[in-house]
Amino acid sequence: MPEDVDAGDEAFAPRRGPVWVRSKGSDAKRKVISWLPSAAGVSNRRVDYLERVLDALGHQGDRRGAALDILGRLWTDLTTGHLADWLPGENQAGIGAVRRLDHAWLRLRPVTEESEPLHACDRCRRVVAVSVRGVCPTLRCTGRLEEYRPTAETDGHLRRLYRSFDPVPLRAQEHTAQWTGEKAAEIQGEFVRGQVNALSCPTTFELGVDVGELQAVVLRNMPPSTANYVQRAGRAGRRADSAALVLTYAQRRPHDLARFAEPQRMIAGEVRAPIVPVDNVRIDRRHVHSIALAAFFRAMKEERGRIWRKAGEFFLPDDTSGETAAHIVRDWLTPVPESLAASIRRVLPASVQDEIDVESGSWVGELDRLLRAAGEILEQDVTAYSERRDQAVAARKYRLADMYDKVIRNLTHRDLLGALANRNVLPKYGFPVDTVELRIPRDSGAVSGQLELTRDLSAAVYEYAPGAEIVAGGRLWASAGVYRLPDRELVSRYYTVCGTCGRYGEDGEPVDPTCAACGTLSTSAPRRYVEPVYGFVAARGPQRSPGQTPPRRSWYGDVHMSTDTADVHEGNTVFVSGHTTAWSAGARGEMVVVLEGPGGAGYEICDWCGWGRPHARAASRGAAHPHLLKDAQCTGPLRVVSLAHRYQTDFLQIHLDPLTALSATQETLRSGLYALLEGAATHLEISRDDIDGTVHTGTDGMPSPLLFDTTPGGAGNSIRIGENLATVAEEAFVRVGACECGRESSCYACLRTFRNERFHELLSRQEAIALLDALTGGAAGQ
């Protein structure tokens, strides 16, 4: 290949190079072809072709022996004779002496109706330039080559398309919340003008976005309900004078495959009235902050003539007075003006007013804490890049210094309202309430300044964990550690999971090794987790292209209920068999997502700079490592911890009868749990990503299936499942009973999902049916 062409580029897929050849001895892994068969009794394309040519010539002797002799003499000519320049030799590390075709010897000529005739096989239709006794060169093909002249009638489909169609450039682009507002608007404009042909978007794309007519919509998974399908698919074909295509890809998971088998349930199903819970404390608190800050901004403009539009103006000290605007918000809100308190009372449900204590105004303390934390993060970033700029100036690297200046301007000139939303102060579209950022170093290329990578912490602990990779802005970004603030320790707790009964326990001090539920003495030391509440930091330097294969994701953790003291109400479900099952549902269950890393070994996190890596993949145990934020080495101590996030949400605990609870294995409990989740997702049309479950062991040592909302604060889904438990169990039985996999196993059509990956070997349809029978008194299959 020419020096500027990479033979391994994906443009050459599926047979990417470089491809080598040698006389004898193939190596598929290193892409080495053997000219002669690698072993006795083995053939290859060249031997097969020569044997059939010899047969056509009427050769009566040992055709294989003659073919091998001819191949040997041809190899001599290609390597030492007058054709040696075709296959120049070289030595490759780990391979040895090999040869590769020299592209400079290749000549291309157009094929027209006036050119020399070609030859086409009457059996496999392969077209070739040379015919030897009419033998087709395709492996083991018995067809004959015939003269072939391309005409309009004889052209193949692809050749006809190539010659008659005008090529249209295809440019695809992301259009997600990961872009800054300016960049997203730029991409939207390019799409409307036809400069971008395809947009890769989230499901909320149509909200506030007008891109005119769409010719096609491709859904990368099956929507949870008919309403969602209509919302997403309806983006195409809105004009009466055009036809549109909607293509839905069913992923390898239960809900998608079930709807693929019965598409009418998705396309022509019932559109249910939407349910919007208004008593989510975490979200409502942000709305209180928006009311308070709006009043503060109005007052500052009227009283002092002050307006803050940029993050730097609000969070950093004023150059003249030295005053920091973010720090005077609390003073202005102490006490809370009565008109402001009245506005908050008009908006909030009574239960939320009591929860955040509107009457005393104690909610102001949380707002002040969030504002100060956001200011400290910005100040640390500006300080770090200022140090790099000064170092570049001292080294007379003025272009680099200018780049750091631009980074500082980008940080300080960021839109204030957007910065407040991303720092969990103001509300933003969607449910994320504990948003953290994967901070991209601003010197990692032009696209780095156009991205804002944020996720709810419950998802970020595994998507942004050290070593994890994500694709954004057409580049591949790897997390390099946990962001830390000076003089602030991350929230840390000790935890343990009983190896006998599965009971979860945690405390601020090392946990008692004796299980509080079953009395078993743990033989392993208590683990420790940290909450990365300030987010994560991506690796520095140029980022590579992601290619066609997405980075592999793995779920290395579990979710536990950390307290039994949540507000609950009890319920009972009577099945058609007459059997009664009790359940408890609550609105503020304390859940903790714990990520233990590859192999359950945890993550090494630096106590000083926050640099991190999976402990199981650590090649060396030395303390020196790249500083997470500076161009230097850090010698801070590495501590092995897990990553976690605590949040409150709605939950449903199903109480099994004592005999079933004590005799059920983890296989039975887990299989039945995930069957119920799939039944709920199908029957109640809940997105499977919005609900999850675990096996919870109470203080009495009794295990039970625990279903919960993945939305922090809850969305009411788990409580709906409890109120419809009979029909949910019936749908669950239908799902596991009708699957075509073995009863003693499971698959992605019945029980398996990405989130329960670590339990795949435990899950079986047979065990799920056993638990459903016990739960319903045998009514699930009736």
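1. First, some ground rules. This is a predicted model, so to speak of local features a pLDDT of at least 70 is needed, side-chain atom pairs count only at pLDDT 80 or more, and totals for chains, interfaces and linings use all residues. Residues are numbered from 1 along each chain as its sequence is written, and side-chain values use heavy atoms, with hydrogens and water left out.

2. The overall picture: the protein has 21 helices and 29 strands. Both are DSSP runs numbered from the N terminus, helices being H or I with at least four residues and strands E with at least two. The C-alpha trace spans about 105 × 80 × 65 Å along its principal axes. Of the 782 residues, 45% are buried (buried is under 20% relative accessible area, exposed over 50%, partly exposed in between, with a 1.4 Å probe and protein chains only).

3. On contacts (heavy atoms within 4.5 Å), take the pairs at least 6 apart in sequence: 63% of those join residues at least 24 apart. The accessible surface comes to about 40500 Å², and carbon and sulfur atoms own 51% of that. Areas are from the Shrake-Rupley method with a 1.4 Å probe; for residues, only the protein chains shown count as cover.

4. Charges next. There are 94 positive and 101 negative side chains, and the centres of the two sets lie 6 Å apart. Lys and Arg count as positive, Asp and Glu as negative, while His and the chain ends are not counted. Each charge is placed at NZ of Lys, CZ of Arg, CG of Asp or CD of Glu.

5. The whole structure holds 30 salt bridges, meaning a side-chain nitrogen of Lys or Arg within 4 Å of a carboxyl oxygen of Asp or Glu. One of them is D69 with R73, at 3.0 Å between the closest N and O atoms. Both sit in helix α2 (residues 63-80), 4 residues apart, or about one turn of the helix. D69 is partly exposed at 42%, whereas R73 is exposed at 53%.

6. R540 and D631 also meet in a salt bridge, 2.3 Å from N to O. This pair links distant parts of the chain, 91 residues apart: R540 is in the loop between β19 and β20, and D631 in the loop between β25 and β26. R540 counts as partly exposed at 25% relative accessibility; D631 counts as exposed at 52%.

7. R735 and E678 pair up at 3.6 Å between the closest N and O atoms. They lie in helices α20 and α18 respectively, 57 residues apart, and both residues are buried. Elsewhere, R493, E506, E590 and R646 are linked in a salt-bridge network.

8. Two surface patches are listed here. Patch members have over 30% relative accessible area and no salt bridge; like charges are joined within 9 Å and nonpolar side chains (Val, Leu, Ile, Met, Phe, Trp, Tyr) within 5 Å. R15, R45, R126 and R140 form a positive patch, with R126 in the loop between β5 and β6. M1, V5 and F12 make a nonpolar patch of about 230 Å², and F12 lies in the segment before β1.

9. Last, V640 in strand β27 (residues 638-655). V640 is partly exposed at 40% and, leaving out residues up to four places away in sequence, touches A601, G602, Y603, E604 and H615.
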